[in-house]
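The following explanation is intended for a reader who meets this structure for the first time. Please keep the sequence and the model in view while reading.

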Amino acid sequence: MRRRTFRSLALRIGSSIRSQVRGVDSVTLPSGAPRRLMGWLLLLIVLSVGCMPIDEKEAQETEEPFEAERLQALPDLESLINQAKPGHWISAHQRITAVEDFQGAVESRVLDNANRPIPTELASHAMLDVRPLVLPAGEPKEVETRFYVPRRLDRETRAVTLENRLIDRRGNLVASLGGSVSLMPDFRFFGLALSTVPERWNYLATLPTNAGEPGLETQEFTKVVVPKIGEFVPLPSDLFGWTSIAWIVWDDFDPALLEPGQRQALVDWIHFGGQLIVSGSDGLDKLGTSELASLLPVDADETVSMSIESLESLNAVWSPGPGEERTRWEFAEANAPLIRRLRLREGARFLPGCDGLVADRPVGRGRIVVTAFSLAERSFVRWPSIDNFVHNALLLEPRRRFSDDQLESRATFVDHSGSELDPRLGSSLRFFVRDWGDRTAEVAAAGPAAAVASTEPAPATSSSSSSTATAWRWRTGPYESAAQSGVAGWNDLSAVAIAARRTLDASTGIEPPSVAFVAYALVAYLIVLVPLNWIVFRLLGRVEWAWLAAPLIAIIAAFAIVRIARLDVGFARNRTELTIVEFPADYQRAHVTRFATVYSSLSTRFEIEYDEAASRAQPWGNPARAADVSFVGEPKPVRLRRAGATTLEGFDVVSNSAEMLHTESFVDRGGRLEWRLDDAATGGSIVNGTDLAVDSGVIVRIDRNGEWSGGVIEGLDVESQRAVSLRPIATIADLFELFAETDALHSTFTLMADRFGALDTDRSGRLTLDELARDGERGRRWNELLRRLARRGDGISREGIDLEQYRRLAATMPDETLRVAALVDLWIAGLRRQSAGTWLVGSSEIPDTETWRPAVSQTRSLGLVIASLEPADLPEPASDVNRRRSLDDPDSDDEEER
């Protein structure tokens, strides 16, 4: 219609032009060119313009009525180059002004160099975050958006694009705003200084602890951010965006400037492993009335001048190496800085060599450090050994040795040489489901044998002679880093995720009806249809009615067979879910992870609404596709929509198949799990202040002398207290036996042994085919499995298998009973690398906080609670063995180890 209108208009214009050309005698045409030709040429031009199709989308986008400042990835609003780490959720900030009132949504996604959405690492979907957006005309608005940066990236990729698409209420794209982001290496983290005078903290970025030469080139270990605080504080609104932040220095910044979500995220971040460094009286006074007041390690008393004796103590410990007089912190007594006297609270300590001026305290897995003096004090900033003090005392990093190579001064970790770029040493933030395990799949593949490789538990001790070992275990312990994302990133390939996947695969296997079932059903149907049908109507004297009853019998039989076989063929919808709840010590909020397998007999698109706003969810792809970074066409969009609640949209399950979903949330459980040790030799009691009842559990304790003990809990109700008797654990076998005493926490090791013993009725130590045939759901599979293995020459005999062979083979076969045995194995294997502490591992029925649309008719779930009952066991800080050479100091080449 539009083209026809333009064509008629063009014809009228062309006719008018042609008539005018004919009537103008003064027009000079090219030699030999008639006027009629000129008229037709003009007409052709008009017609071609009128017939050109109009790209409405392009016209609309070129007239977008928005003004937007540069999109900036949090927490760094100062740098011209955005930085983000793959495998992490990040938040970004953008200031947007609308020329006219706008109501709609902003859709955030990550694009590659070809401006295509990047699929996640294990699947062909791309994550999009959607939030409502209202922009009054002419009023600038600070907009926070969220992105998931996939690890599924080519190694040559150095940058991606963050795109915010503005969608109006009719679903039309009205603007596209974006910005480039440089990808950080796995060992780099952010460090922040929050102050009203940010210029005083620029020196932090120049310290060698944040950049060094562990190899052939200088590496930036920490990206130091000193933001200028305006209307917007550059911190994400929930903990998911904090996973790349290693430490924060708090000066005179008012915590009231933080939004409620930011304040909650700060407290969560500390409990799960963040380090907060409070600078002097200004920082103490500001935090003294905040949510962090009860977590501070000290109370502050009167203000006094710093003494020369305190200065001497600091210099004696933290000014290493020869030429010590040139590395001292010095000030004139008349210019002594003002300090606050510190009084320790319970669980806190003064750091060595600080004369009561520096104290710290473990908070969950994290740590809060307080200094009596300001870390921006001029004489302190000029201290040549300031880097040694910050690195080892304030950040509690492994001590270093500096070696000079011409004009360079390279640093290596004395006790962990070669680990300078280990991401686990850059940040102590950890999550069980993301980081626990021995190099992802290795432990899960090794099975229970890996956990019993040594009979002795052999934990680390915390004595002064082994402080370096304890430091290593505090930072690394049973945790491993992932490729590209390092630690604390979203990880579908962690050892825990793989163990959960195998558990769900085994317990939710969907199989067609067996041959025996089909045969029995067919025989029963024929008996009812022919002889029984004929006999009934023969007795009634109406044999001819048997023909009329036959179709009805067929219909009833069909419904009956479907009903009986329903679980086998998986009709309707089925969800099997494994939930893991992780509590830091002395904290009421938990990290809740749900791994779910969803089956549907018909193709279904699900929407899942979550009660907790701090939730993230992604379809859980297949590890078999993890190495394949190619995909065909545009990846399928999956949206996380925030509109009050958080809702996952676009989770598709194809007909007669199962898909997996990975969800994580931070949930307030209403109270804490509190451990009270009465006597190390006899036991203590545990108080459950949470909203979760623990059905059965195990308490494991490792004291500072390396002695292990444990006890069993059978039933710990909500708001209840239970006494726990502890007994010594001398070997790993003792630990397995402890878990075997519970109803639900059998390890794979003990579970298989119990099954073997129950089947071995003749006590021969081997299971025959007849005995294996009684092995529950697996009974009918053993004959085929052993026949196949015997043919392959795997050392398996069809006459029978021993206990070790049974453990290995049975673990590969489906087991419809949902168990946490694989996760218990994994936790036990990692416990051997823990430092001192007390933990609870228990089973629980976790309340469902999800609403599925359409509803899932069949649901099975099992919950595992893993709680740390004591704060982290912190090591004693140790000074560097020598000082970093100054280029103008030729006399400082010698090293002196302490």
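In which helix is the place of V536? The structure is a predicted model, and in it V536 belongs to helix α13, which covers residues 515-539. V536 has a relative accessible area of 39% and is therefore partly exposed, since that class lies between the limits of 20% and 50%. Together with V523, I527, V528, L532 and L540, V536 makes a nonpolar surface patch of about 500 Å². An α-helix has 3.6 residues a turn, so residues three or four places apart point the same way.

The protein has 898 residues, and 52% of them are buried. Its secondary structure consists of 21 helices and 38 strands. Among the contacts with a separation of 6 or more, 76% are between residues 24 or more positions apart. The protein exposes about 40100 Å², of which carbon and sulfur atoms supply 52%.

The largest nonpolar core contains 96 residues, and the members that touch the most other members are I248, F389 and L648. Strand β14, residues 245-250, gives this core its largest share, namely six residues. When neighbours within four places in sequence are left aside, the contacts of I248 are L192, L194, W242, L266, W269, Q275, L276 and I277. Another core, of 40 residues, lies apart from the largest one, and its members include F432, A499, L578 and I729.

Helix α7, residues 378-381, contains R378. Is R378 buried or exposed? With a relative accessibility of 67%, R378 is exposed, because this value is over 50%. R378 and R200 are separated by 178 residues in sequence, while their C-alpha atoms are 8.9 Å apart in space.

Charged side chains form a further set of links. Side chains of opposite charge can pair when their charged atoms come close. The structure holds 49 salt bridges. In one of them, the side chains of R639 and E107 meet at 2.8 Å, N to O. R639 lies in strand β27 (residues 636-643) and E107 in strand β5 (residues 102-111), so this pair ties together parts that are 532 residues apart in sequence. R639 is partly exposed, at 25% relative accessible area, whereas E107 is buried, at 8%.

A second salt bridge joins E480 and R424, with 3.7 Å from N to O. E480 is in the loop between α11 (467-475) and α12 (495-507), and R424 is in the loop between β22 (408-413) and α9 (432-435), so the pair ties together parts 56 residues apart in sequence. Both partners count as buried because their values are under 20%: E480 has a relative accessibility of 10%, and R424 has 9%.

The side chains of R676 and E674 also meet in a salt bridge, at 3.3 Å, N to O. R676 is partly exposed at 36% relative accessible area, and E674 counts as partly exposed at 35%. Elsewhere, salt bridges that share partners join D129, R146, D238, R616 and R642 into one network.

Finally, the backbone deserves attention. Most residues other than glycine have a negative phi, and most peptide bonds are trans. A cis peptide bond joins L74 and P75, with omega about 10°; P75 is in the loop between β2 (72-73) and β3 (82-84). Another cis peptide bond joins R853 and P854, with omega about -5°, and P854 lies in the loop between β37 (850-853) and β38 (858-868).

Positive phi values are found at A488, about 70°, and at E719, about 55°, although neither residue is a glycine. A488 occupies the loop between α11 and α12 and is buried, with a relative accessible area of 0%. E719 occupies the loop between β33 (708-716) and β34 (720-725) and is exposed, with a relative accessible area of 61%.

Technical notes. Residues numbered from 1 in each chain as written. Predicted model: local features only at pLDDT ≥ 70, side-chain atom pairs only at ≥ 80, totals over all residues. Heavy atoms only, no water. Patch = residues over 30% accessible without salt bridge, like charges linked within 9 Å, V, L, I, M, F, W, Y side chains within 5 Å. Areas by Shrake-Rupley, 256 points an atom, 1.4 Å probe, with all protein chains shown as cover. Salt bridge = Lys/Arg side-chain N within 4 Å of Asp/Glu carboxyl O. Helix = DSSP H or I, 4+ residues; strand = E, 2+ residues; numbered from the N terminus. Buried < 20%, exposed > 50% of the residue type's maximum accessible area, 1.4 Å probe, protein only. Core = buried A, V, L, I, M, F, W, Y, C linked by side-chain atoms within 4.5 Å. Contact = heavy atoms within 4.5 Å.
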